[in-house]
Amino acid sequence: MKYLSLPVLIFSLVVSVFADTIELYSGEIINGTIAGYDVLSTKFIPESVAVPEHKPVKPRSIYNFRIKRTIPGNTYNDYLTAKEACKTADDFYKLAEFCRKNQLIDEANKMYETTLALDPMHIRAHLALGHKKQGEEWLTVEQIKQAEGYVKFKDIWVKESELEQARQVDYRKQVESALPLNLKLAVIPDADDEWFKVYSQQLKEYARQLWTVTEGLAYLATVEITDNATDSDIIIQNLDQYDISNAKDAGSFDIAQIGGKASPRDFVRQCVFAKLKFTSHENCILAKGFSTDKFCDMCLARIIASAPNIKWRQDWLPDPPEVKITIVNKQKK
Ligand SMILES: [Zn+2]
């Protein structure tokens, strides 16, 4: 102990103050202190930023939908420390029991598995994992379920014949937990059937982009598109240009405007300005210029907060719901 310098001692005292762990859906584990909550985010002071003791510690906002779980206290670090010291199957079994009692379910299961890797006949570890003995062999839950004709769909077991139904239910739940946007588009020039046909295909690309950048949180439900018109959520100024002629900063219009060949990114931005009233936003698809093609976490959290049924899903599906397109092809007066 006498070889430890003073700063190291202070460091270890500072560290002992921090006593919370957060796991994000990305798998990232962060130690620190929860400094507060609000509707959208958790204020968190990561351990690493607190080391220089004279500097003010800045909390980091982590948007709640990114947090898989919060582990209060030093439980997670106690688990890591104890794991280092484990040697025998019984050591790992005891640690598994500690984890289970402290709601570290993933870690408990891993430790039961490690117990069995060291001692394949460890009865209590088998029982804890739900294994069943058949003759001399232990069967895993997977083996038991598969023998009974079940298949695993995400985290539930379904009969093979009911797999398609389970997929459909899952898909419906995804759609129900996302925000539908119903959009009116007005095309200023006169457009012909061929143009509407091409534009309908383009709308599907736009719909896919909206779905992807919102991680399955928002989708184009319906689009009504009328030519020789100006009354709408978004005005399409020309038929075949990427940009509009009198381009101003996006988001500054009273009514969102785009060109007939606008990029999916530009379309999504205008769509969000028009329907959600979000404003231009740094480090986000809503930024001016081309900084990123992603929504920032703050904007995603705002979409989630916009209605109680909207939920972010870690397993959001790759295909958006199909957009229903209504074409009103008017003749030029
Ligand atoms: Zn943003």
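**Figure 1. Isoleucine 144 in helix H6 of the predicted model.** In this predicted model, isoleucine 144 has its place in helix H6, which covers residues 141–147. Because isoleucine 144 has 15 C-beta neighbours inside 10 Å, this residue counts as partly exposed; a residue is called buried if 20 or more other C-beta atoms lie within that distance, and exposed if 12 or fewer do. Leaving aside residues up to four places away in sequence, isoleucine 144 touches Lys132 and Leu139. Glycine 130 is 14 residues from isoleucine 144 in sequence, and the C-alpha atoms of the two residues are 9.8 Å apart in space.

**Figure 2. The packing of helices H3 and H4.** Helix H3 comprises residues 89–101 and helix H4 comprises residues 105–118. Two packed helices are described by the angle between their axes and the distance between the axes. The axes of H3 and H4 come within 8 Å and cross at roughly 165°. Angles over 145 degrees count as roughly antiparallel, and H3 and H4 are therefore roughly antiparallel to each other. Their crossing is left-handed. On the H3 side, the residues that meet H4 are Ala89, Phe92, Tyr93, Leu95, Ala96, Cys99 and Arg100. On the H4 side, the residues that meet H3 are Glu107, Ala108, Met111, Tyr112, Thr114, Thr115 and Leu118.

**Figure 3. The open sheet of strands E13, E12, E10, E11 and E14.** Five strands form an open sheet in the order E13-E12-E10-E11-E14, and their pairing is parallel. Strand E13 (256–258) and strand E14 are the edge strands, each of which pairs on one side only. From one strand to the next, the twist averages 25°.

**Figure 4. Strand pairs within the sheet.** Strand E10 (residues 179–187) and strand E11 (residues 218–227) run parallel and are joined by nine bridges. Between E10 and E11 the chain passes through helix H8 (residues 193–213), and this β-α-β crossover is right-handed. Proline 180 has tyrosine 219 of E11 as its bridge partner. E11 is also joined to strand E14 (residues 324–328) by five bridges, and these two strands run parallel. In that pairing, the bridge partner of threonine 222 is lysine 324 of E14. Three bridges join E10 to strand E12 (residues 234–236), again in a parallel arrangement. Here valine 187 has isoleucine 236 of E12 as its bridge partner.

**Figure 5. Helix H9 against the sheet and against helix H8.** Helix H9, which covers residues 264–276, lies across E10, E12 and E13 and runs at about 165° to E13. H9 also packs with H8, at an angle of about 70° and with the two axes 9 Å apart. Angles of 65 to 115 degrees count as roughly perpendicular, and H8 and H9 are therefore roughly perpendicular to each other. The crossing of H8 and H9 is right-handed. H8 contributes Glu205, Tyr206, Gln209, Leu210 and Val213 to the contact, while H9 contributes Pro264, Arg265, Phe267, Val268 and Cys271.

Figure 6. Most residues other than glycine have a negative phi. Lysine 277 is not a glycine, yet its phi is positive, near 60°. Asparagine 283, likewise not a glycine, has a positive phi of about 50°. Lysine 277 has its place in the loop between H9 and helix H10 (297–305), and asparagine 283 lies in the loop between H9 and H10. Lysine 277 is exposed because 7 other C-beta atoms lie within 10 Å, and the cut-off for an exposed residue is 12 or fewer. Asparagine 283 is partly exposed because 13 other C-beta atoms lie within 10 Å.

**Figure 7. The protein chain as a whole, as context for the close-up views.** The protein chain has 10 helices and 14 strands. Of its 333 residues, 24% are buried. Among the contacts with a separation of 6 or more, 55% are between residues 24 or more positions apart.

Key
Residues numbered from 1 in each chain as written. Predicted model: local features only at pLDDT ≥ 70, side-chain atom pairs only at ≥ 80, totals over all residues. Pairing = 2+ DSSP bridges. Helix = DSSP H or I, 4+ residues; strand = E, 2+ residues; numbered from the N terminus. Right-handed = clockwise from strand over helix to strand, strands pointing away. Axes fitted to C-alpha atoms, helices over the stretch in contact; angles between N-to-C directions. Contact = placed C-beta atoms within 7 Å. Parallel < 35°, antiparallel > 145°, perpendicular 65-115°, else oblique. Left-handed = near helix turned anticlockwise from the far one by under 90°.
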